[in-house]
Amino acid sequence: MPDTAAPSVLFVCVHNAGRSQMAAAFLTHLAGDRVQVRSAGSAPAGAVNTAVVAAMAEVGIDIAAEVPKVLTTEALQASDVVITMGCGDTCPVFPGKRYLDWHLPDPAGQGLAAVRPIRDDIEKRIRALVADLTREAKR
């Protein structure tokens with residue numbers, strides 16, 4: 001990654017209605033314009049999970065207006081880091097990209113109490129990712 005360009009991160013899960021939305025929101029919140037953030041799903045849902053929206057609102061991040069997006073080849077090609085969250089073999093792999101697979105429970109069909117620990121785990125992972133990307137940018 002060149003020093004002049006912000007790294008680009010793409011979060012991918014099946015429905016783009018829970019985990020990937022939370023991860024993208026946390027990265028945007030914590031890194032600001034230092035990182036380009038995208039999220040998508042291999043089979044996007046019609047709307048973001050309401051328990052996920054509520055869980056993020058509890059920590060001061062509003063994702064109520066977000067809409068699940070379909071995973072495209074263009075989004076993958078434009079990303080430096082691709083973080084998958086349970087999309088399995090439906091996520092295409094391109095050479096030269098850095099791939100991470102985060103094993104996280106799916107919040108689909110879960111209530112707020114079940115979504116909170118998933119949210120908190122994602123936040124910890126995002127904080128570590130921001131530190132890692134910041135170190136890489138300084139090299």
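**Entry 1: Arg116 and its partner**

I started with a side-chain pair: Arg116 makes a polar contact with the side chain of Glu58, at 2.6 Å. A polar contact here is a pair of N or O atoms within 3.5 Å; within protein, one must be able to donate a hydrogen and the other to accept it, and residues adjacent in sequence count only if both atoms are side-chain atoms. I noted that this is a predicted model, where local features need pLDDT of at least 70 and side-chain atom pairs count only at pLDDT 80 or more, while totals for chains, interfaces and linings use all residues. Residues are numbered from 1 along each chain as its sequence is written, and side-chain values use heavy atoms, with hydrogens and water left out.

Where does Arg116 lie? I found Arg116 in helix 4, residues 112-138. Helices (H or I, at least four residues) and strands (E, at least two) are DSSP runs, numbered from the N terminus. Arg116 counts as partly exposed because its relative accessibility is 31%; buried means under 20% relative accessible area, exposed over 50%, and partly exposed in between, with a 1.4 Å probe and protein chains only. I also looked up Ala54: its C-alpha atom is 9.4 Å from that of Arg116, although the two are 62 residues apart along the chain.

Four of them form an open sheet in the order 2-1-3-4, with parallel pairing. Two strands pair if DSSP finds at least two bridges between them. Strand 2 and strand 4 are the edges, each pairing on one side only.

I then followed strand 3. Four bridges join strand 1 to strand 3, and four bridges join strand 3 to strand 4, residues 98-101. Val9 stands opposite Val81, and Val12 stands opposite Thr84. On the strand 4 side, Val81 has Arg98 as its bridge partner. Are the two faces of strand 3 covered or open? Both are covered: Val81 and Ile83 on one side, and Val82 and Thr84 on the other, are all buried.

**Entry 2: the cores**

In soluble globular proteins, nonpolar side chains tend to be buried together. I looked for nonpolar cores, meaning sets of buried Ala, Val, Leu, Ile, Met, Phe, Trp, Tyr and Cys residues joined through side-chain atoms within 4.5 Å. The largest has 31 residues, and Val9, Phe11, Leu27 and Ile126 touch the most other members. Strand 1 (8-13), helix 1 (19-31), helix 2 (50-58), strand 3 (81-84) and helix 4 each give two or more residues to this core.

Leaving aside neighbours within four places in sequence, its contacts (heavy atoms within 4.5 Å) include Val9, Phe11, Ile126 and Leu129. There is also a second, separate core of seven residues, among them Val12, Leu71, Leu76 and Val82.

**Entry 3: Asn49**

I found Asn49 in the loop between strand 2 (36-41) and helix 2. Asn49 counts as buried because its relative accessible area is 16%. A polar atom of the Asn49 side chain lies 3.1 Å from the backbone oxygen of Pro107. Not counting residues up to four places away in sequence, Asn49 touches Ala17, Pro107, Ala108 and Gly109.

Phe11 is buried, with a relative accessible area of 0%. Trp102 is buried too, at 9%.
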